[in-house]
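I opened my notebook to look up how this protein is built.

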Amino acid sequence: DIADRAAPKSEPSTEKESGRVLRCSAPQLLCPPRAVGALTHAFSRPGLDVTGLSEARLQQLIEEGLIQVPADLFHIANEDLEPIASLPGWGEKSSEKLAMVAKDVASRGVPLSRFIYSLGIRHIGTHTSKLIAAAYGNADAFLADIDKVSQVAQAEGEAEQEHFRALILDDGVKGIGPVMIDSLILFSRNEALVQAAKNLRQAIKVLDEPTTKTGSTASSSLTNLPFSELTVVFTGAIPNMSRPEAQQLALDLGAKKTPGSISKSTDLVVEGEKGGKKAQQARDMEIRVIGADNFLRIVNDNRQ
């Protein structure tokens, strides 16, 4: 039963005014009105990269009780697909295609950094996820620390957390500040979120990543990425993806930032269809310009 596999439910508190819910104090994944956003984040390209799942389709799966936490998708992909196929707008082909994608992701695996990003921990974006992945190297080590903090938090309460703060990232890693560590601790203190992370670890393969010694600059492990520390500007249309998706891919491959305009700090311009003005401006400033096809080749060559 899918419901039995889901993470333990918590009771989110809400504030209401004249019948309107203004705020849900539970984490996004555990707050029904915001769960679609949390799962969309988990299955996005920078996360688990499960294609073919729009917010509308996720909403259907949630309302039917088929998905509560990310791991559920990978379980139902191996079961009778009729409950999905019978939903409005789905059908046999769509449900089979989703199952095929989910099985492919589960067997091929995702890098640890993308696994961490998919958990939706506040303040932990793509770059920070890479730093954390570089500090731990594998999912079991990361989840072991999360589990330790979870156990101590439940035993000792909020007032006595300082002495076990070092359990996460020991003496700290450059680039991961106290706000991010606090977010990791808050995540660890929520039993349902920790269980959801463990369930996901069991449902898919999580690929190890090169580690750095604690206390060192974890970002040094990113120097071999093709866009490492570059400021990358996009101009024109990139085939089969939106501008934000292209920018995110550049960040995943080490880019420092992806602003919307060219400046003296720009290192690289990616020229898509009808990207003439910015591309010419870059050439006039002697900034390197590559075509969209070249960009996509680099992305495909560096996909795990």
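I count helices (H or I, at least four residues) and strands (E, at least two) as DSSP runs, numbered from the N terminus. By that rule I found 14 helices and seven strands in the protein.

I noted the ground rules. The model is predicted, with local features needing pLDDT of at least 70 and side-chain atom pairs pLDDT 80 or more, while totals for chains, interfaces and linings use all residues. Residues are numbered from 1 along each chain as its sequence is written, and side-chain values use heavy atoms, leaving out hydrogens and water.

Next I checked burial. Of the 304 residues, 47% are buried (under 20% relative accessible area, 1.4 Å probe, protein chains only). The protein exposes about 15,500 Å², and carbon and sulfur atoms supply 47% of that area (Shrake-Rupley method, 1.4 Å probe).

Then I turned to the sheet. In what order do the three strands of the open sheet lie? I read β5-β6-β7, with parallel pairing. Two strands pair if DSSP finds at least two bridges between them. β5 (232–235) and β7 (288–291) are the edges; each has a single partner strand, so one side of each lacks a neighbour in the sheet. Neighbouring strands here are turned by 25° against each other on average, direction ignored.

I looked at one pair. β6 (residues 268–271) and β7 run parallel, joined by four bridges. Glu271 stands opposite Gly291 in β7.

Last, I checked what packs on this sheet. Helix α13 (residues 276–284) does, touching β5, β6 and β7 (contact: heavy atoms within 4.5 Å). The direction of α13 makes about 140° with that of β5 (axes are lines fitted to C-alpha atoms, for helices over the stretch in contact; angles run from 0 to 180 degrees between N-to-C directions).

Key: Buried means under 20% relative accessible area, exposed over 50%, partly exposed in between (1.4 Å probe, protein chains only).
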